[in-house]
Structures are given as C-alpha cells and as structure tokens.
Amino acid sequence: MKYQLTSDQISSKVAGETVILNHNKGAYFGLDEVGVLIWDTLEKGPQTIDSLCDVVTQTYDVDMDTCKEDIDSLLKDLISEKLVEEIK
C-alpha cells in the first residue's frame with residue numbers, strides 16, 4: 001500500500017517550518033522535524049511505509065520497528081485529517 005498527499009491540502013515553508021492547510025476544513029496543521037521529513041518525501045510522490053522509514057532511518061538513529069510504528073501513527077492522523085490518502 002502507498003500513501004500520497006490529497007488534493008484537499010496545500011503546504012508551504014514558513015520560517016523553516018512546514019505549514020499545512022486543509023482548505024476544505026479551513027484548518028492549519030504543523031509537523032515536528034520528523035513529520036516534515038515525511039511530508040517532504042510524500043511531496044515527491046506516493047510512498048510506502050518502508051520507503052518513508054528508509055528516509056527517516058538514514059537521518060535519525062531509530063530502529064526499523066519503532067520507525068514503522070511511529071510513521072503508521074502519523075499517517076493515520078494525516079489520513080483522519082484528509083491530508084494524506086491510501087492508494088493501491
């Protein structure tokens with residue numbers, strides 16, 4: 001399964017942070033440093049959890065199981081806010 005950004009959102013870099021707007025809800029979202037890395041990777045195109053975890057583990061000292069659990073949790077949050085969607 002792959003994940004991609006939805007068309008319901010726009011994002012921009014502001015003062016070194018990524019700010020995301022869900023224009024259907026009119027709500028802004030911010031991400032922590034790792035979340036920004038994942039978001040930036042998703043902006044390049046659809047990604048699997050494994051490919052996202054590869055990017056994170058190249059930058060941060062985290063084991064693969066913890067990485068996958070954390071990314072899965074973040075993706076669920078982003079999906080619930082309609083900022084990310086699953087694709088087959």
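Contact here means heavy atoms within 4.5 Å. The structure is a predicted model, in which local features need pLDDT of at least 70 and side-chain atom pairs count only at pLDDT 80 or more, while totals for chains, interfaces and linings use all residues. Residues are numbered from 1 along each chain as its sequence is written, and side-chain values use heavy atoms, with hydrogens and water left out.

Gln9 is buried, with a relative accessible area of 11%, where buried means under 20% relative accessible area, exposed over 50% and partly exposed in between (1.4 Å probe, protein chains only). Not counting residues up to four places away in sequence, Gln9 touches Ile20, Leu21, Asn22, His23, Trp39 and Leu83. A polar atom of the Gln9 side chain also lies 2.9 Å from the backbone oxygen of Thr6. Such a polar contact is a pair of N or O atoms within 3.5 Å; within protein, one must be able to donate a hydrogen and the other to accept it, and residues adjacent in sequence count only if both atoms are side-chain atoms.

Thr6 itself sits in the loop between strand 1 and strand 2 and is buried, with a relative accessible area of 9%. A polar atom of its side chain lies 3.2 Å from the backbone nitrogen of Asp8. Leaving aside neighbours within four places in sequence, Thr6 is in contact with Lys82, Leu83, Val84 and Glu85.

Attention now turns to helix 1. After the helix comes Gly45, whose phi is positive, near 145 degrees. The buried residues of helix 1 are Gly35, Val36, Leu37, Ile38, Trp39, Thr41 and Leu42, and their cover includes strand 1 (2-5), strand 2 (9-14), strand 3 (17-22), helix 2 (49-59), helix 3 and strand 5 (84-87).

How do the helices meet? Helix 1 (residues 33-43) packs on helix 3 (residues 64-80) at an angle of about 70 degrees, with their axes 11 Å apart. Helix 1 is therefore roughly perpendicular to helix 3. Axes are lines fitted to C-alpha atoms, for helices over the stretch in contact, and angles run from 0 to 180 degrees between N-to-C directions; angles under 35 degrees count as roughly parallel, over 145 as roughly antiparallel, 65 to 115 as roughly perpendicular and the rest as oblique. Gly35, Ile38, Trp39 and Leu42 of helix 1 meet Ile71, Leu74, Leu75 and Leu78 of helix 3.

Helix 1 and helix 2 pack at an angle of about 135 degrees, with their axes 10 Å apart, and are therefore oblique to each other. Here Val34, Leu37, Ile38, Thr41 and Leu42 of helix 1 touch Leu52, Val55, Val56 and Thr59 of helix 2.

Helix 2 and helix 3, in turn, pack at an angle of about 120 degrees, with their axes 9 Å apart. The contact is formed by Ile49, Asp50, Leu52, Cys53, Asp54, Val56 and Thr57 of helix 2 together with Met64, Cys67, Lys68, Ile71, Asp72 and Leu75 of helix 3.

Note on methods. Helices (H or I, at least four residues) and strands (E, at least two) are DSSP runs, numbered from the N terminus.
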